[in-house]
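Please have the sequence and the model open.

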Amino acid sequence: MNKHPDIRKNEYYDVYVEDLTHDGKGVAKIDGYPLFIAGVLPGEKAKIQATKLNKGYGFGRLVELQEKSEFRVAPACPIYEECGGCQLQHMKYQGQLLAKEKQVREAMQRIGKLDSVPVHPVLGMDDPWRYRNKAQVPIGEREGGLVGGFYKQRTHDIIDMEACLIQQEENDVVLQKIKAICSQFGLRAYNEKTHKGTLRHIMVRSGKATGDIMVVLITRTSDIPNRKKLVEAIVDALPEVKSIVQNINPKRTNVIFGEQTNVIWGDEFIYDYIGHIKFAISARSFYQVNPAQTKVLYEKALEYAQLTGKETVIDAYCGIGTISLFLAQKAKKVYGVEIVPEAIEDAKRNAELNGISNVKFAVGEAERVIPKWYEEGVRADTLVVDPPRKGCDESLLRTIIDMKPEKVVYVSCNPATLARDLRILTDGGYATVQVQPVDMFPHTTHVELVALMSRVDE
Ligand code: SAH
């Protein structure tokens, strides 16, 4: 489709918003030509200005709302628009859940051609605020000290943040104190332009169930001026801090972490529980950020696996073994595979920590290790996958189709790649029994899912 001949850049139009994109923008059509507009909701009428016109679609800016959606609400966060970390705070939570359900359903139909798959209503949170266990903020300088919070949308200006409403409150408190203490001891913020200064980012992670806190200082240099005094001051001010870690990133890059990580005070790990299972979490471990909903997600995966104690299970993309250890409580044997060697070290430690011995973990690509296990005679009754956003490697799906496990439980953070992969497995002899979305990230557009597939008898 060409640019619409009658729509001009910078002109104003009255539009009706029909839909919401997967990144939370409203979609309005002018004579069939779609415009994406931030801050508007389906069902709303608005005056907009056309800001950018591409070949089959354009962008607009909200000028005035003329008719409001029943789901519109004033964003609770005062920095919502500047920050951009949340995309749906202007929508009531109930509306967010319905929008996410619709997004999943449409991905199943459009990408997976899976029209009849049951998609359940999204499992949301009773209190969808203050859920994140990890804060990671860039640090800058203003007159009078350090600031830290977020990059103003589409810029590299660091805005100071006192509170983030989706962050556990204790993380906000700890961040504020660490910023103040680092300022007090004269620590300079890293400057992207000059590549000088020390402190690049601060990360704070807390164990929801234990109250343990880990502080990670990400610095340009290995040397931290006044390090000893700084550490003493942090420990004095914040007794819940169990671990202070330094990560060194000497590069000119916007990647946050560097390769070297040193514990500078306290333990290498903090601990958390999901259900009855205890996890040791180190500075660089992947660990789900919403502990309450993680439990909901893993319990759903366990329910779908329908284990009786006799089964052999493979957990592909197992990270630090979270799902594997959940499954091991009910299975005969669980095999976990993960590409990051440190995560597998954590997984083995976590198994030991919980006295779980019916698990075996291996480092490698799932698509290479699982066929090898198959050749060695491992036969999985149930196979669980939890891949990154890009979904499963096709060769892994081919292996699943050859291995013929009775059930496949697919945990996903991306409805589009989930739908694509469910289609491949469907063509290979599986049927999707049900799909359950879980809201791990309220007020953002992300949605997590778990799907159950079972083998169709030939
Ligand atoms: N199941 C875990 C982790 C899920 S995140 C949990 O719930 O905590 C996805 C994981 O897949 C990451 O740990 C990532 O390192 C790993 N990964 C990415 N590509 C992989 C591959 N080809 N083979 C195995 N693991 C991979």
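## Aromatic pairs

How many aromatic pairs does a search of the whole structure find? The search finds 6. Rings of Phe, Tyr and Trp (its six-membered ring) pair if their centres lie within 6.5 Å; planes under 30 degrees apart are stacked, over 60 edge-to-face, and the rest tilted.

This is a predicted model: local features need pLDDT of at least 70, side-chain atom pairs count only at pLDDT 80 or more, and totals for chains, interfaces and linings use all residues. Residues are numbered from 1 along each chain as its sequence is written, and side-chain values use heavy atoms, without hydrogens and water.

F36 and F59 form a tilted pair, because their planes meet at 55 degrees, with ring centres 5.8 Å apart. This pair links distant parts of the chain. F36 is in strand β3 (residues 33-37) and F59 in strand β5 (residues 58-67), 23 residues apart. Strands are DSSP runs (E, at least two residues), numbered from the N terminus.

Y57 also pairs with F59, edge-to-face, at 5.9 Å centre to centre and 80 degrees between the planes.

F59 is partly exposed, at 25% relative accessible area. Y57 is partly exposed too, at 36%. Partly exposed lies between buried (under 20%) and exposed (over 50%), using a 1.4 Å probe and protein chains only.

## Charges over rings

R200 lies over the face of Y190, 4.1 Å from the ring centre. The charged end of K278 sits over the ring of Y271, at 4.7 Å from its centre. The criterion: NZ of Lys or CZ of Arg within 6 Å of the ring centre and within 35 degrees of the ring normal.

Methods
Helices (H or I, at least four residues) and strands (E, at least two) are DSSP runs, numbered from the N terminus.
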